[in-house]
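Open your viewer and get ready to click along. At each stop you will select a few residues and look at what surrounds them.

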Amino acid sequence: MLISRRTFSALGLAAAVAPAFPSTAAAKIVDTETAMTELVLGNEDAPVEVIEYASLACPACKHFHDNVFPQIKADYIDTGKIRFVYRDFPTNTPALAAAMIARCAGPERHKGMIDIFFDTQGQWGRSENPLQALTMVARMAGLGPKDVDECVRNSALMNGIQKKAQTAHDEMGVNATPTLIVAGEIVEGAMEVDKLKAAIDKALKGH
């Protein structure tokens, strides 16, 4: 599961960005501690917590993001019934780089960056030069090439993301993406809206 710095570098993900992309000054990346802030949607005091472990390079995660999550958001997050937590579980090196860049944008822009990376997954996920493709996508959020380069060189951030993913694997049995956990229980078949809703409704009845 853990991706080494050597692998990261070998795929060009820690190399300097080509000068074809001029730096922008529209946004600054945040420090490591701020970047590792948990992404939580909904009411902090909601009776039920739902956790999604996802990889930005995972087609099934994109399907969940596009087709399942909007319904869960409308019915449970926006209505204050659940506290939804998104956590990174990168399945390959480009996914790890994308997760790092999304976090570097800061807590206020983290969700928007995730949306952008899922929407453009077909572009950077299949690119022969992942860093260049990710850099182009990051410009949509105002992150320039220098910001992206600094971000993917941040070993503390890389290790922090991977440590949390490893903990999820070791302590909660997460071994695939997306994995949805409702009130502490992994939901089988969570890609089906009805099954996920049934698990959430069951948890809500206990409160």
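Predicted model: local features only at pLDDT ≥ 70, side-chain atom pairs only at ≥ 80, totals over all residues.

Next, go to the largest cavity, with about 90 Å³ of space. Its lining is made of Leu39, Leu41, Glu52, Phe64, His65, Phe69, Phe84, Tyr86, Lys111, Ile114 and Phe118. Strand 1 (39–42), helix 3 (59–77), strand 3 (82–88) and helix 5 are the elements that give two or more residues to this lining. Colour by class again, and the lining of the largest cavity splits into 8 nonpolar, 1 polar and 2 charged residues. You have now visited both places on the list, as the count of cavities of 30 Å³ or more is 2.

Time to look at packed side chains. Nonpolar side chains tend to be buried together in soluble globular proteins. Here the largest nonpolar core has 39 residues, and the ones touching the most other members are Leu56, Ile101, Met113, Phe117, Trp124, Leu143 and Leu157. Show helix 4, helix 5 (107–119), helix 7 (130–138), helix 8 and helix 9 (155–172), the elements that give two or more residues to this core. Which helix supplies the largest share of this core? That is helix 4, with 9 residues.

Zoom in on isoleucine 101. Beyond its neighbours within four places in sequence, isoleucine 101 is in contact with Met113, Phe117, Leu134, Ala138, Leu143, Val148, Cys151 and Val152. A second, separate core has 20 residues, including Phe64, Ile72, Ile82 and Phe84.

For the last stop, select cysteine 104 and cysteine 151. Their sulfur atoms are 2.1 Å apart, and the two form a disulfide. The torsion about their S-S bond is about 90°, so this disulfide is right-handed. Cysteine 104 belongs to helix 4 (residues 93–104) and cysteine 151 to helix 8 (residues 145–152), so the pair ties together parts that are 47 residues apart in sequence. Are these two cysteines buried or exposed? Both cysteine 104 and cysteine 151 are buried. Finally, click on cysteine 58, buried with a relative accessible area of 8%, and cysteine 61, buried at 0%.

Note on methods: Residues numbered from 1 in each chain as written. Heavy atoms only, no water. Disulfide = S-S within 2.5 Å. Helix = DSSP H or I, 4+ residues; strand = E, 2+ residues; numbered from the N terminus. Buried < 20%, exposed > 50% of the residue type's maximum accessible area, 1.4 Å probe, protein only. Core = buried A, V, L, I, M, F, W, Y, C linked by side-chain atoms within 4.5 Å. Contact = heavy atoms within 4.5 Å. 1 Å grid on protein atoms, 1.4 Å probe; cavity = no way out; pocket = protein on both sides within 12 Å on 5 of 7 lines; lining within 4 Å. Points joined across faces, edges and corners; volume = space filled by probe spheres on them. Nonpolar A, V, L, I, M, F, W, Y, C, P; charged D, E, K, R; others polar.
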